[in-house]
Each structure stands twice: as structure tokens, then as C-alpha cells.
Amino acid sequence: MVLGIESSCDETGAGIVSGGRLLAHVVASSMDEHARFGGVVPEIAARAHLQAFNPVVREALEQAGLRLADIDAVAVTTGPGLSGALQVGLAGAKALAFAAGVPLYGVHHLAGHVAADTLEHGALPNPCVVLIVSGGHTSLLLVRDLVRDPILHLGDTVDDAAGECFDKVARVFGLPYPGGPAIDRTARGGDPCAVAFPRPLSGAKDDPYAFSFSGLKTAAARWAERYRQSGEDIPLADGAASLQEAVADVLTRKALAACREYDVRTLVVVGGVAANSRVRALAEERCAAAGVELRVPPLTLCTDNGAMIAAVGDLLLRAGADPARPDVSVDASAPLEYAALHPAALHPAALHPAARLAAGAA
């Protein structure tokens, strides 16, 4: 029985997984508190995690019909994410693991997104190509054994992530936060071919699997500005549909190219943007044409949640992985190399003199 804790951004999640089976899945979101600012405010997020932590864990245990004494391990996101938010989750997870007398596993947030698919479709094929698309990350990976082998990055975003592009363009369009769902809803009545938005890095030779969405964001902003300057109403549905089509086209085209090059027959699409209707539909269409199996988690497991972290913890526990050290700390910008993320706090002697003074004062 593995309890997973997620607190990297604006969702406080707790999930319980046993032997690959999902027993509990509870999420409290502070998104409404951030909406009036047009984006996540780190201090608000951290306070929201502090308030939601105990109720979310309590509800997860009740949902699974368990007590804390029944838990065999605790897994927690230790990076990447907002530093203050991560620290709240880690502190709570350490307390739970100590109280229950069980091992603690530090988990990489993005590995959690990958593992989320196993809760719906079972063990990941070895190998598989994984496309992670979220508000802060867009990566194309070659995954073998998720918790035993290093994760090979085929390509990453060089600037804005896909979800970040949606959020920023939605703000320019005057749509509410979060931008991704707002773009998706608005696009339903639009023509995806109405605006010839660019497909960034679609012909890159030196780094064929790299992503870039900053230029697309700028093109969409300039398109909207031309209508404002002429005093015309912006055809939002066409703009949203065309933007969504451009993002989905780039994502799925590169993902299927990677499947062909590495002779992989399974594509896994995960992360918040995997909930986008056009991304899912185009991925289904192109995978079917290429004879590639497509795996996408249910919508409830696409966004940040504790169940995905519990899924990684469950895999680590069953693989006999070493738990985190007691001094495990957060790493807000941790690269995705392995599913387990156990960054240890630096000893004061290894710090710069000014940092040692600050540590002593703290």
C-alpha cells in the first residue's frame, strides 16, 4: 500500500496504489485562487497546500478504507515545481512516513505523469515513446523500464511549453485562466484551417525532436492585435481552433517520427495538455494510420495528482529501490533522468561562505 503526495504547483493530491491498482485518488485545487492573477502565485499555492494537505490525505485513506498504519511506503514529489509548494508536500510526507515507520521515496514529477498511464492500461511496454505535454514541460522520451533504466530525452522544448503557449495566448484573446481548457472550449465552434499559424521547428535537421512554441504564441498575439487595431471583433473560435491545430500537429508529427526512427510500436501521451481534445484526436488518427498503439490516461489522471506519484512509489517499492535519505530535500528544477528523485540537502561545509551564514541564521 503506497501513499503518494503531489504538491508541485496548484493541486494538492493524495493517492493510494497497491500492486498497480488505484485504491484512492483525491485532489484539491487552488486554481480559483490564482485565476484573478492570470497565473499561479507561488505564495498562494504554498498556503493552499498547507491548508489542504491533511484533509486530502484523510479523504484518500477513507476512500481506500485504510488507516495510516496500513500504509507500507510514502512517495512524494520532490521536484521539479514551485519550491515553497514542494517543501509543504515533502514536510508532510516526511511526517507521515515517520509516524507510520515506513520508507519514503522522492519522485520526479514528470515520471509521475508517465506512471499515471499504468493505472489505466497496465505496465508500460519496453520500450515506448512518451510525449509529455503540460503547462511547464514538453518532452519526447524513450522509456524502457521506468524505475530501473535511465530515461532518454529525444527532444525537449527550447522555450515555451505547449501548455504555456495556450495560457499566454488565451490571455491575449481575453479568455479566462487556465488557458488550455478555455482554448479547447472556444475552438469547438471554429475552423482549424482559418489561420495559417506556423509550425515551429517542424523542419529542424540538427535537433528534429526539439519543440518551440514561443514563435507560435507571438504569431497568435500579432494576429489578434491586427483585429484590435482595426476595431474589428476577433474571430476567437477560428483563432483558438487554428492555434490548437498547430500545437497538435507539431506534437503528434514529431512523436510519430520518433516511433518510426526507434521502431517503437507504442506512444504514450501524458500531462495536462494530453486532456486537450484535438491533441487526443489527432494522435489517435495518426497512430491508427501508422499502426502504433496510443495510450493516454483518463482525463482525471492527466493533470497533477497524487495517484501518479503513488504509482511510481509502488513501482519503486516492488523493484526493491533504496528509499530516500532522511535529509532528502526538494529540487525545483530537477532534470528528468530517473523516476526516483532523492536530492540530498548540501552540508553547510560545501556551501559558499555567504550561503553558510544564511544557513546558520535560518
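## Helix α8

Helix α8 has 16 residues and reaches 22 Å from its first C-alpha to its last, close to the 22 Å expected at 1.5 Å a residue; the expected span is 1.5 Å times one less than the number of residues. Helices (H or I, at least four residues) and strands (E, at least two) are DSSP runs, numbered from the N terminus. The model is a predicted one, in which local features need pLDDT of at least 70 and side-chain atom pairs count only at pLDDT 80 or more, while totals for chains, interfaces and linings use all residues. Residues are numbered from 1 along each chain as its sequence is written, and side-chain values use heavy atoms, with hydrogens and water left out.

The buried residues of α8 are Leu216, Lys217, Ala220, Trp223 and Ala224. Seen down the helix axis, they fall within an arc of 125°, so they line one face of α8; the arc is that of the directions from the helix axis to the C-beta atoms. Buried means under 20% relative accessible area, exposed over 50%, and partly exposed in between (1.4 Å probe, protein chains only). The face turned away from the buried side carries the exposed residues Arg222, Arg226 and Gln229. Packing of the buried residues of α8 is against α6 (162-173) and α9. Just after α8, Gly231 takes a positive phi of about 80°.

## Helix α9

Helix α9 covers residues 236-261, and its 26 residues should span 38 Å at 1.5 Å a residue; the end C-alpha atoms are 38 Å apart, which agrees. Of these 26 residues, 19 are buried, so α9 is largely enclosed by the rest of the structure. The helix is followed by Asp263, whose phi is positive, near 55°.

## Aromatic pairs

The structure holds 4 aromatic pairs. Rings of Phe, Tyr and Trp (its six-membered ring) pair if their centres lie within 6.5 Å; planes under 30 degrees apart count as stacked, over 60 as edge-to-face and the rest as tilted. The rings of Phe211 and Phe213 have centres 6.3 Å apart and planes at 10°, so this pair is stacked. Both Phe211 and Phe213 are buried. The charged end of Lys254 sits over the ring of Phe211, 5.8 Å from its centre; this requires NZ of Lys or CZ of Arg within 6 Å of the ring centre and within 35 degrees of the ring normal.

Trp223 and Tyr227 form an edge-to-face pair, with 5.2 Å centre to centre and 65° between the planes. The two residues are 4 apart in helix α8 and are therefore separated by about one helical turn. Trp223 counts as buried at 7% relative accessibility, whereas Tyr227 is partly exposed, with a relative accessible area of 23%. Ring pairs link Phe173, Phe197, Trp223 and Tyr227 into a cluster.

## Nonpolar cores

A nonpolar core is a set of buried Ala, Val, Leu, Ile, Met, Phe, Trp, Tyr and Cys residues joined through side-chain atoms within 4.5 Å. Of the 49 residues in the largest core, Leu131, Leu140, Phe213, Leu243, Leu251 and Leu267 touch the most other members. The largest share of this core, 12 residues, comes from α9. Leaving aside neighbours within four places in sequence, Phe213 is in contact (heavy atoms within 4.5 Å) with residues including Cys165, Val247, Val250 and Leu251. A second, separate core of 33 residues includes Ala75, Val147, Ile309 and Val312.

## Cys302

Cys302 lies in helix α11 (residues 299-302) and counts as buried at 0% relative accessibility. Cys302 and Ala274 are 28 residues apart in sequence and 6.4 Å apart in space, C-alpha to C-alpha.
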